[in-house]
Amino acid sequence: MDLNLAVLIDGDNIPSTYIKEMMEEIAKYGNPTIKRIYGDWTKPDLTKWKKILLENAITPIQQYGYTRGKNATDSAMIIDAMDILYSEKVHGFCLVSSDSDFTRLATRLREAGMKVFGIGEKKTPNPFIVACDKFIYLEILKYEAEENEVESVDNVPVLKANVDKITVKEIKLISNTISDIADDDGWAFLGDVGSLLQKKQPNFDSRNYGFQKLTPLIKSIKSFEIEQREASKGRSKLIYVRNRKKNRSKSKK
């Protein structure tokens, strides 16, 4: 079933240049039936939004700043989110902001059984990131659009972008996740590995490290081995992964 999603955007906190890529990303996860953006539209610096909002059918919500230095936009967005939750018209929310003030909102929505996608810049504080089911960095979406062509390294497609380097920390996270769901021979279905990685670390995304999918990311790391298996009823091949022997022997100690 396609999820009906409420997309709520903190207009004071998100650059307008990301909107097109962001809406394309959201479409992968569900149908954005409610699309609202919050801000004080009397401010001159928000006028650049007008054309973008029309092109993407996003409804601007006016919120004046009551007190200097205080962000009234956050409160308006939170109140609307709760109204939408109780209307029971959606199955999930996309909270678009880099502001940690929405951490409690994300937690509350998930407590109510909602799927919560967070979208923001890499400066987003970790508490908001981990409060979401999945968190996507806007910079990665922009890189994908600008660097649509990919280059190949050892026959592995890699995004030509200024992305993060995979570290020992991420490799250990993947290794432990494989071990958590592996069979007696150490093999784990890659789809299950990806799902568990997302639960453990909501901002885990192969695109953060320059790879469009999890499979080429795993292939690029020598600590893992991959096996393709025939699926039943003519479906595409299933991909399994396990820690290489050296790593598996260490984990048994």
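Where does Ala57 lie? I began my notebook with this residue and found Ala57 in the loop between α2 and β3 (59–62). A reminder to myself before going on: this is a predicted model.

**Entry 1**

I looked up the backbone of Ala57 and noted a positive phi of about 55°, although Ala57 is not a glycine. Next I asked myself: is Ala57 buried or exposed? Ala57 counts as exposed because its relative accessibility is 52%, and the cut-off for exposed is over 50%.

I then turned to Glu88, which lies in the loop between α3 (72–87) and β4 (92–96). Glu88 is a residue other than glycine, and its phi is positive, near 60°. With a relative accessible area of 69%, Glu88 is exposed.

**Entry 2: α1 beside α2**

Here I wanted to know how helix α1 (residues 19–26) sits against helix α2 (residues 49–56). Their axes come within 10 Å and cross at roughly 25°. Angles under 35 degrees count as roughly parallel, and α1 and α2 are therefore roughly parallel to each other. I also noted that their crossing is right-handed.

Which residues meet there? From α1 I listed Ile19, Lys20 and Met23, and from α2 Trp49, Ile52 and Asn56. Sorted by class, the residues of this contact are four nonpolar, one polar and one charged.

While I was at α1, I checked how much of the helix is covered. Six of its eight residues are buried, so I wrote α1 down as mostly covered. The buried ones are Ile19, Glu21, Met22, Met23, Glu25 and Ile26.

**Entry 3: one face of α4**

My next stop was helix α4 (residues 103–111), where Thr103, Leu105, Ala106 and Leu109 are the buried residues. Why do they line one face of the helix? Seen down the axis of α4, the buried residues fall within an arc of 165°, so they line one face. After α4 comes Gly113, and I noted its positive phi, near 90°.

**Entry 4: Phe117 in its strand**

I found Phe117 in strand β5 (residues 115–120). Is Phe117 buried or exposed? Phe117 counts as buried because its relative accessibility is 5%, and buried means under 20%.

I also looked for its partners, leaving aside neighbours within four places in sequence. Phe117 is in contact with Leu5, Tyr29, Phe93, Cys94, Leu95, Cys132 and Lys134.

**Entry 5: α7 against α8**

I finished with helix α7 (residues 168–181) and helix α8 (residues 190–200). Their axes are 10 Å apart, and the helices pack at an angle of about 120°. That angle makes α7 and α8 oblique to each other. The crossing of α7 past α8 is right-handed.

What does each helix bring to the contact? On the α7 side I listed Leu173, Ile174, Asn176, Thr177, Ile178, Asp180 and Ile181. On the α8 side I listed Asp192, Val193, Leu196, Leu197 and Lys200. By class, this contact of α7 with α8 has seven nonpolar, two polar and three charged residues.

Conventions. Residues numbered from 1 in each chain as written. Predicted model: local features only at pLDDT ≥ 70, side-chain atom pairs only at ≥ 80, totals over all residues. Heavy atoms only, no water. Axes fitted to C-alpha atoms, helices over the stretch in contact; angles between N-to-C directions. Helix = DSSP H or I, 4+ residues; strand = E, 2+ residues; numbered from the N terminus. Parallel < 35°, antiparallel > 145°, perpendicular 65-115°, else oblique. Left-handed = near helix turned anticlockwise from the far one by under 90°. Contact = heavy atoms within 4.5 Å. Nonpolar A, V, L, I, M, F, W, Y, C, P; charged D, E, K, R; others polar. Buried < 20%, exposed > 50% of the residue type's maximum accessible area, 1.4 Å probe, protein only. Arc of directions from axis to C-beta.
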